Amino acid sequence: MKGREMKGILFKPDMIKAIAEGRKTQTRRLDGLKEINKEPNAWTYHPGCSFPKLGRFTFWFDNQKPYHGETGVTVCKPRYRIGEVVYIKEAWATYIQDDSLKPSQIPEHYRIWYKTDDSGELSKYRGKWRSPLFMPEWAARYFIKLLDVRPESWSHNDWVWRIEFQRITHPGK
């Protein structure tokens, strides 16, 4: 049986460059806060009833205490957890003769081109640019370790996950 697969995370190309250069060390994400953000001003985050290292964060509706019933309390779980290592997904390509292959069919030892490095010159060997959504872990070159994950009230009072991280070398090397 294979070990647990590493999660990937998407960033825009300019943010990938900033991470590579050590200029970006945090991000904000909305994943898992959809219900709370329907009425963001009605919810209060309560750190005393939360377990960040377990990925469990408690919110009280309209500032109710937990003893007022379950309807006033919800526990949100972010996609990413403190201490987790994730790989950065980016647009990528491999050899042109493999354009018809699915990412899972491409041999892991093949050369990878990254769109953030693209100078615009055509290569007679490079194939089509592939979506970062489908980038497998083995093709990634950047990895980050999550140092902190916590909810934060953001613009227009929406709740977001504030994720602090540091870039690391490949965790398996």
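**The cysteines and the sheet**

Mentor: The sulfur of Cys49 lies 14 Å from the closest cysteine sulfur, that of Cys76, which is too far for a bond. A disulfide here is a pair of cysteine sulfur atoms within 2.5 Å, and by that rule the count is zero. Cys76 is accordingly in no disulfide, its nearest cysteine sulfur being that of Cys49 at 14 Å. Keep in mind that this is a predicted model, where local features need pLDDT of at least 70 and side-chain atom pairs count only at pLDDT 80 or more, while totals for chains, interfaces and linings use all residues. Residues are numbered from 1 along each chain as its sequence is written, and side-chain values use heavy atoms, leaving out hydrogens and water.

Cys49 is partly exposed, at 32% relative accessible area, whereas Cys76 counts as buried at 7% (buried is under 20%, exposed over 50%, partly exposed in between, with a 1.4 Å probe and protein chains only).

Now for the sheet. It is open, with three strands in the order β3-β4-β5 and antiparallel pairing; strands are DSSP runs of E, at least two residues, numbered from the N terminus, and two of them pair if DSSP finds at least two bridges between them. At the edges, each pairing on one side only, are β3 (43–45) and β5 (73–76). Neighbouring strands are turned by 30 degrees against each other on average, direction ignored, using axes fitted to C-alpha atoms and angles from 0 to 180 degrees between N-to-C directions. Three bridges join β3 to the antiparallel β4 (residues 57–61), and Trp43 stands opposite Phe61 in β4.

How values were computed. Helix = DSSP H or I, 4+ residues; strand = E, 2+ residues; numbered from the N terminus.
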